Amino acid sequence: MSEYLVDIKNEKLSFFTPAGEVKALNDVSIHLREGEVLGIVGESGSGKSVTAYSLMGLTAHPGKLIGGELNFNGHQVENMTEKEMRQIRGNEISIIFQDPMTSLNPVYTIGNQITEVIRLHTDKTKQEAKARARELLELVGINEPERRLKQYPHELSGGMRQRVMIAIALACEPKLLIADEPTTALDVTIQAQILELMMELKDKLGMAIIMITHDLGVVASMCERIAVMYAGRIVEYGTADDIFYHPKHQYTKGLIRSIPRLDTKEHERLIPIEGTPVDLLNPPAGCPFAPRCDAAMQICLREMPPVTTFDRVHYTQCWLNQKEEMEKGASHE
Amino acid sequence: MVKYIVKRILLAIVTIWAVATLTFFLMNLVPGGPFLSEKAISPQATAALEAKYGLDKPMYQRYLTYMTDALHGDFGDSLKQRGRTVMSIIAMKFPVSARVGGISVLVALILGIPLGSIAALKRGKAADSVISVIATCGIAVPSFVICTVLMYFFGVKLGLLPTMGLQSAKHYIMPVIALSFYPTAYIMRLMRSSMLDVLGQDYMRTARAKGLAGGKILFKHALRNAILPVVTYVGPMLAYTITGSFVVEKIFVIPGLGGEFITAINGRDYTLIMGTTIFLATLVIVMNVVVDIVYKIVDPRIKLK
């Protein structure tokens with residue numbers, strides 16, 4: 001068994017649409033130890049969610065895995081049948097979604113929706129499952145759990161519903177929790193509560209978390225490792241310190257420049273990243289970020305940059321970094 | 001719930017009164033009368049008949065008399081079918097139409113819901129195309145065409161099925177097919193579109209992420225949400241179908257209520273027009289209340305006010 005809980009190697013995934021092949025993931029590699037928190041950041045369409053969903057075998061039609069290895073907890077996900085995947089989903093690997101308002105089925109009670117997953121993956125009786133559901137609601141900080149079990153989703157607030165989603169996700173004590181923008185649809189005060197709850201539960205239950213977000217603030221406070229994705233590639237990977245204090249890739253630098261800061265002077269504007277994301281139907285030959293990059297060189301438009309490693313963890317895919325490192329290496333000699 | 005039902009009953013009374021009043025004055029404004037016929041009847045005889053049924057009185061007076069009697073449960077005698085009360089005609093004919101119509105609605109639901117769901121699940125595939133073509137035909141082809149075609153092939157050419165009456169189970173087959181064709185097609189279309197909508201909902205993804213099997217996801221999570229539009233449609237449709245179809249009953253010689261609506265109007269059988277109209281209106285209203293209550297049971301978000 002591998003030392004990692006999650007070990008994705010060179011994942012390639014495309015959506016075969018009528019307009020042509022959309023290369024959603026290109027050589028994505030991710031690994032994660034038990035109990036670790038990995039943040040995946042990037043703008044819409046960069047492949048964050050696709051990466052996570054493919055690990056659960058939930059790739060939406062017409063998406064297809066066309067290469068790479070996906071190892072999770074001793075399973076070879078890419079070779080598993082749908083039936084085998086079902087044993088894992090909701091059990092060893094769970095997910096919470098972006099919009100708690102629509103992620104619960106409106107016609108069933110909270111209790112029904114929590115006990116459903118418990119009864120599916122364990123052989124608990126109806127009564128035991130109900131007791132466990134009550135316990136879970138308490139765990140995620142919902143008051144009057146007995147009453148809530150009988151309520152319907154529309155009777156709860158957004159924050160409460162997301163807590164219920166977390167309760168469902170944690171029902172079978174998964175090894176890995178995927179959080180797909182779990183706080184995007186919530187009020188700021190509720191966001192903080194939900195993140196705090198997730199961190200608290202992670203420590204209590206010892207699960208690993210993959211946090212998918214476009215909010216750098218969220219990853220900064222939660223994640224040990226951060227992967228920055230752009231156009232279906234990981235363009236920079238490192239510890240939170242690496243990403244926030246020593247960003248190397250021009251895209252990461254741009255992202256960080258676009259966050260509002262407390263010490264921003266009055267009337268000072270945030271610096272946006274100009275241009276629009278690449279069209280994955282017709283990706284450019286070279287670095288996908290080159291058309292938007294201030295520091296783009298000739299070679300960036302022609303060839304895909306290789307991986308430049310800075311230390312055991314931190315790496316980028318950028319010609320500029322490659323050039324700088326080579327110059328540094330040369331001057332050392 | 002009780003408050004809601006009381007409110008709906010009061011509302012229903014007002015509605016039925018309005019329907020009755022409108023119908024009463026409209027039918028009296030139409031030229032002609034129940035005692036005109038090709039054979040000349042002596043003016044004295046006509047006058048005597050009119051006096052007997054109170055038709056010689058002014059319209060408002062007749063209206064008041066009719067409404068008072070109706071409130072007491074007396075819907076009068078038929079003007080054309082001598083010796084029968086309107087109530088006895090409805091009591092005799094309605095069960096016949098209700099049986100044929102009820103079976104047809106059942107067939108429509110049993111076929112329409114699964115076929116519509118299959119079309120949604122196999123979207124864009126052959127099954128979807130076949131079902132969509134059938135659905136379009138079902139909606140476009142009028143019932144008299146279906147009746148005639150059925151009768152020609154199964155009744156006359158192949159001689160498999162009896163063409164008139166309702167003496168045995170076999171007799172029901174063709175009328176039921178003819179009556180259920182349109183509602184089946186309609187339910188298929190409703191079901192297909194609402195199922196497609198539901199399949200794209202976030203909670204379906206949640207259900208998959210829980211590790212539930214396809215069948216469980218479909219039957220538990222999708223169907224209950226997708227069936228709501230069908231419920232809305234089936235209520236009033238049931239009311240219309242069980243009161244009979246003029247065309248189908250005429251063609252297959254079924255002694256149902258459907259024919260009475262039309263013959264009553266053509267013959268200016270005033271009391272029977274009133275009776276059948278009030279009966280249909282009441283059924284439609286009752287079915288709508290039933291739909292609301294079923295809706296509330298299926299979808300807890302709905303509040304009955």
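This is a predicted model: local features need pLDDT of at least 70, side-chain atom pairs count only at pLDDT 80 or more; totals for chains, interfaces and linings use all residues.
Local features need pLDDT of at least 70 and side-chain atom pairs count only at pLDDT 80 or more, while totals for chains, interfaces and linings use all residues. Residues are numbered from 1 along each chain as its sequence is written, chains are lettered from A in the order in which they are written, and side-chain values use heavy atoms, without hydrogens and water.

The contact (heavy atoms within 4.5 Å) takes 27 residues from chain A and 21 residues from chain B. About 2,200 Å² is buried between the two chains, and carbon and sulfur atoms give 55% of it. This area is the accessible area (1.4 Å probe) lost on putting the two parts together, summed over both. On the side of chain B, Arg208(B), Lys210(B) and Lys220(B) lose the most area to chain A, together 27% of what that side buries.

Two salt bridges are counted between the chains. A salt bridge requires a side-chain nitrogen of Lys or Arg within 4 Å of a carboxyl oxygen of Asp or Glu. Glu116(A) and Lys210(B) meet in a salt bridge through their side chains (2.7 Å, N to O).

Lys220(B) lies in helix H9 (residues 214-226) of chain B; helices are DSSP runs of H or I, at least four residues, numbered from the N terminus. Lys220(B) counts as buried because its relative accessibility is 15%, the limit being under 20% (1.4 Å probe, protein chains only). Beyond residues up to four places away in sequence, Lys220(B) touches Tyr108(A), Asn112(A) and Glu116(A).

Technical notes. Helices (H or I, at least four residues) and strands (E, at least two) are DSSP runs, numbered from the N terminus. Buried means under 20% relative accessible area, exposed over 50%, partly exposed in between (1.4 Å probe, protein chains only).
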